[in-house]
There are 2 protein chains.
Amino acid sequence: MQAIGIDLGGTKLHAALFSDSGEIITDRTVLLEGRMGSRVAELIAGLCVTLLEESNISPDEEKTIGICVPGIADNLTHRVWAPNIPGWNSFPLKQFITDAIPASEVIVASDRTCYILGETGMGVAKGLSHVVYMSVGTGIGAGIMTEGRVLHGSADIAGAIGWLALQPPYVEEYSNSGYFETCASGTGIAAQARKLSGQPAVYPDSRSVFEAYERGNTVALRVIDKAVELWGMASANMVSIFNPKMVVWGGGVFGPAVRFLDRIYYEACKWAQPISIRQCRFEASGLGQNAGLIGAGQLALNAIKTYEKQ
Amino acid sequence: MQAIGIDLGGTKLHAALFSDSGEIITDRTVLLEGRMGSRVAELIAGLCVTLLEESNISPDEEKTIGICVPGIADNLTHRVWAPNIPGWNSFPLKQFITDAIPASEVIVASDRTCYILGETGMGVAKGLSHVVYMSVGTGIGAGIMTEGRVLHGSADIAGAIGWLALQPPYVEEYSNSGYFETCASGTGIAAQARKLSGQPAVYPDSRSVFEAYERGNTVALRVIDKAVELWGMASANMVSIFNPKMVVWGGGVFGPAVRFLDRIYYEACKWAQPISIRQCRFEASGLGQNAGLIGAGQLALNAIKTYEKQ
């Protein structure tokens, strides 16, 4: 049984063949180049075929394909909602790939689910059963594992922590992506810096704010210090709620914000349930940009293990 | 197989014999009268024996006993930490009752676990698999069910939402019981009213604050309006994180605060993940003071069902 993992990002597709132990044997990347709807699914299927051919794997051999999608994967209808892929409002991805690849079993999951599977399967949280993965990039979301199981919620939108309420009063600015994401995501940090400075052209992205922070820029100091406080409060809340063994920090912002991990933990210690926070370590993701891909591989390998047990 | 449920409160013990469908057949209450340590466990065992004798159940008949404790029930060591029972720092309750009652299987769980089992088994959330129970009384805690399983965390202290960080900056006042509990528990509401009014004798408890609110008292209005905002924010956070079908409000404060449920939901709608909050109903607990007892009965009945399946 072959295990394939695929990570669908906003601009590219990354696929790999995995060993039984979850290591990448061979991988390939292709750009989406503005593809929409079923053309994206065709690209996924095509990349699978290429990977299999290059590895001299016969089309008849049974294979399990895990796919990481940037959105919601409904585990009843098996349809995908992905806001960044035009035409994927309710796309039947599992059906499409199952039909396109002979002898395949396809499992689709959200990026949040794949991140936590990647970290607990092959990353810094390997072997742990109670883990929270804080993904801070363009947006903010959490992958959550309790007792070894991934939290999905009633409609697979659990872990939407970009919407965490951390400071009243509510203002209209938060309505698009939630309070926490508005203030402390990559997009949010850049937007806050632009707003505070009154200079819309100066901070195109969060990286430029981190660079200004290094130079002691006052606006950048205010925005990043606020983000550190909010990362501390939000993770404190996850610790009080879940009593996890570890909080893993990943996504594009961690990255440059990894240097603040001690300050974030210090802030979290003030707020969190005191026994829980002492039992919990904060770590930076070791998988980096491969977290989704490796998690998709774990998705495939877990399905194979379940299948072999039956 | 007989099912017994026992709810250990801060001042009294409430025990019942349950039917297979989870209804109370007969129940009894005794006061703790300041008992400590193993004397409390002896009282529990004694009350079990009384219940069985009164129902003409032979001591040899097999019985399952669920016990709801106000604290932490470690599910590895089976020891109980209950801050309000002197001497229960690490008390071997399961062992004690198993030894004291012939032919018994004993299951011990925290009050948070029992509340959510009670509500999903026999209460307003009957039959639902994704539910959050907000217990707002002297303290604040949450019982959480996802995919039909109760969330415990790595050391059974999940759901410690009294510690939720909902407004920076952190001040020392929150160090004893957490920000949310300091401002919006029963104890917290009374303390905030005393602090704001500068009259330490006027507000002995939250009920007096709710009464002053009815009279249009300015201090009470400020304290309760703040609590409503925080209940809304906290429940919004639980909805964004868990994507539940229902949030159930119970504990002594709900009670008088049930009249604010619409306002709380309105506040939560501002902050929460918009799809999740639309899929979620807010309801008052229908079990009231019996939530822990009925949950303890569910604990016993669930164990019997598991046993019968094997």
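Hi everyone. In chain A, the centres of domain 1 and domain 2, taken over C-alpha atoms, are separated by 28 Å. Before I go on, please keep in mind that this is a predicted model.

So where do those domains run? Domain 1 of chain A covers 2-110 + 290-309, and domain 2 covers 124-286. Between them, six residues of domain 1 of chain A are in contact with five residues of domain 2 of chain A. On the domain 1 side of that contact we find three nonpolar residues, two polar and one charged.

Now let's look at how the two chains meet.

How are the two copies arranged?

Let's zoom in on α8(B). Its buried residues are B:Ile264, B:Glu267, B:Ala268, B:Lys270 and B:Trp271. Why do we say they sit on the same side of α8(B)? Because they cover an arc of only 150° around the axis. Here is a handy rule: an α-helix has 3.6 residues a turn, so residues three or four places apart point the same way. And what do the buried residues of α8(B) pack against? Their partners are α4 (179-184) of chain A, together with α7, α9 and β12 (281-284) of chain B.

Next, the core. The largest nonpolar core has 206 residues, and the members touching the most others are A:Ile67, A:Phe180, B:Ile67 and B:Phe180. Take B:Phe180 as an example: beyond its neighbours within four places in sequence, its contacts include B:Ile140, B:Trp163, B:Leu230 and B:Ala234.

For contrast, find A:Thr29 in strand β3 (residues 24-31) of chain A. Not counting residues up to four places away in sequence, A:Thr29 touches A:Lys12, A:Leu13 and A:His14. A:Ala15 is 14 residues from A:Thr29 in sequence, and their C-alpha atoms are 6.4 Å apart.

Most residues other than glycine have a negative phi, and most peptide bonds are trans. In chain A, though, the bond joining A:Phe254 and A:Gly255 is cis, with omega about -20°. A:Gly255 lies in the loop between β11 (246-250) and α8 of chain A. Chain B has a cis bond from B:Phe254 to B:Gly255, with omega near -20°.

As for phi, A:His78 is not a glycine, yet its phi is positive, about 60°. A:His78 sits in the loop between β5 (72-73) and β6 (80-81) of chain A. B:Asn56 also has a positive phi, near 55°, and it is exposed, with 6 other C-beta atoms within 10 Å. You can find B:Asn56 in the loop between α1 (37-54) and β4 (63-69) of chain B.

Notes: Residues numbered from 1 in each chain as written. Chains lettered and ligands numbered in written order. Predicted model: local features only at pLDDT ≥ 70, side-chain atom pairs only at ≥ 80, totals over all residues. Core = buried A, V, L, I, M, F, W, Y, C linked by C-beta atoms within 7 Å. Buried ≥ 20, exposed ≤ 12 C-beta atoms within 10 Å, placed from the backbone. Contact = placed C-beta atoms within 7 Å. Helix = DSSP H or I, 4+ residues; strand = E, 2+ residues; numbered from the N terminus. Arc of directions from axis to C-beta. Domains from an automatic or database assignment. Nonpolar A, V, L, I, M, F, W, Y, C, P; charged D, E, K, R; others polar.
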